[in-house]
Amino acid sequence: MVAHVYHDVVERLAEHRHGVVATWELIAAGLTHDQIRRLLDSRHWERVGSGVVRRRGSAPTADQRVVAAVLDHGSGAGAAFLTGAHLFGCAGAPLLPIQIVGTVATRRYRTDVGYHRVRRIPDRWMTEVRGIPVVAPEMVAMQLFACSLSESAERRVDVLWSMGRLSGRSIEMFLSDMGRSGRNGVAGLRSYLDARGVDYRPPATGLESRAIQVLREAGIRVERQVDVGCDHAWTGRVDLRVVGLPVVVEVQSNMYHASLINRQADAARRSALEAAGFVWVELWEDDVWGHPWVLAPKVQAGIDACRRRPRVL
């Protein structure tokens, strides 16, 4: 392979990988060890790992840092755990420290990288995000139950589900394939799916998810995104409705519902629902995150008010 050709190969690979490339990728692309050695001696490249080189002048982004760490752990490695959740769009899941899983034994130790060796990762449970190898969302979901409190893991898996990264069917398939007893996180993910079912509709926002969780812990069961109204007219879709009762719960965010125009729209919707026989309960973002102990009493007060009057379905 002539010099300009193999340089083109390296540039193309590095462009896809945020300016870095692994030597094992170069070997797979047909470069010889002598060509790779000459590349490493070039002033245009620098070594950033035992088997990874970086194009000098490329932007030192967080993505570059992550992909370099992943590539340094071999062809079967992928970003995982909270790093994987971050890459799939879970707000609040930290990208760093970098968490990686792979099948290769290594004695390398880096303070900024947590490496977890596993026996196997079938290709169907690996993917890429922005050029970064990462385990599939279903595997990330399992890992979240292994590294986080159940409450936090449930919220983050709900987010992955609501964004379409995974589904009840795909989790079911993953558990069938990879759900060996004893694997960390499997029991948590299985319980999560059993409690919801494959046709579950996750909350649209983390705010709504947190409110549902607080109410559930207080013994109040709610269903989400329910169409409500009277016999002759549809009034609208509400965030939550207490199961079996005409009590609607609206979870209001400061950003979208505090403005005058939205307050007026909410007031009109509330009047229409109350005219149709529903009890309206309003929960605000500040209380959901800062004062969760007030949520259940507010909803319970609505339930009590409903039960004191003739029931309207």
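Accessible areas come from the Shrake-Rupley method with a 1.4 Å probe. The accessible surface of the protein chain in this predicted model comes to about 15800 Å², and carbon and sulfur atoms hold 53% of that surface.

Q: How do you know how far the model itself can be trusted along the protein chain?
A: The predictor gives each residue a confidence from 0 to 100, called pLDDT, and its mean over the protein chain is 83, with 87% of the residues reaching 70 or more. The mean is highest in strand β4 (residues 78-79), at 96, and lowest in helix α11 (residues 254-257), at 54. Where pLDDT is low, the predicted coordinates should not be read in detail.

Q: What makes up the protein chain in terms of helices and strands?
A: The protein chain holds 14 helices and twelve strands. Of its 313 residues, 48% are buried. Among the contacts with a separation of 6 or more, 57% are between residues 24 or more positions apart.

Q: Why is C90 called buried, and why is C147 called partly exposed?
A: Buried means under 20% relative accessible area, and partly exposed lies between that and the 50% above which a residue is exposed. C90 has a relative accessibility of 3%, so it counts as buried, whereas C147 has 39% and therefore counts as partly exposed.

Q: How do you know how many disulfides there are?
A: A disulfide is a covalent bond between the sulfur atoms of two cysteines. The rule asks for a pair of cysteine sulfur atoms within 2.5 Å, and by this rule the count is zero.

Q: What makes the peptide bond from L96 to P97 a cis bond?
A: Its omega is near 0°, and the bond is cis. P97 sits in the loop between α5 (81-87) and β5 (98-102). Most residues other than glycine have a negative phi, and most peptide bonds are trans.

Q: What is the phi of F81, and is F81 buried or exposed?
A: F81, which is not a glycine, has a positive phi of about 55°, and its place is in helix α5. Its relative accessible area is 13%, which is why F81 is called buried.

Q: Where is R130 found, and why is R130 called partly exposed?
A: R130 is found in the loop between β7 (126-129) and β8 (132-135), and its phi, near 55°, is also positive in a residue other than glycine. Its relative accessibility is 44%, so R130 counts as partly exposed.

Q: How do you know that strands β2 and β3 pair?
A: Two strands pair if at least two bridges are found between them, and four bridges join β2 (residues 45-49) to β3 (residues 52-55), which run antiparallel. One of the bridge partners is V53 in β3, which faces R47. With two residues between them, β2 and β3 form a hairpin.

Q: Why is E250 called buried, and which residues does it touch?
A: E250 lies in strand β11 (residues 247-252), and its relative accessibility of 3% is why E250 counts as buried. Leaving out residues up to four places away in sequence, E250 touches V238, D239, R269, W280, V281, E282 and L283.

Q: What makes a group of residues a nonpolar core, and how many residues has the largest one?
A: A nonpolar core is a set of buried residues of the nonpolar kinds, such as Leu, Met and Phe, joined through side-chain atoms within 4.5 Å. The largest has 49 residues, and those with the most contacts inside it are M139, I171, F174 and L189. A second, separate core of 22 residues includes L207, A211, L215 and C306.

Q: Where does W125 lie, and why is W125 called buried?
A: W125 lies in the loop between β6 (113-117) and β7, and it is called buried because its relative accessible area is 5%. Beyond four places away in sequence, its contacts include M139, F174 and M178. W125 and M178 are 53 residues apart in sequence, and their C-alpha atoms are 9.4 Å apart in space.

Q: Why is S148 called buried?
A: The relative accessible area of S148 is 17%, so S148 is buried. Its place is in the loop between α6 (137-147) and α7 (150-162).

Note on methods
Residues numbered from 1 in each chain as written. Predicted model: local features only at pLDDT ≥ 70, side-chain atom pairs only at ≥ 80, totals over all residues. Heavy atoms only, no water. Buried < 20%, exposed > 50% of the residue type's maximum accessible area, 1.4 Å probe, protein only. Contact = heavy atoms within 4.5 Å.
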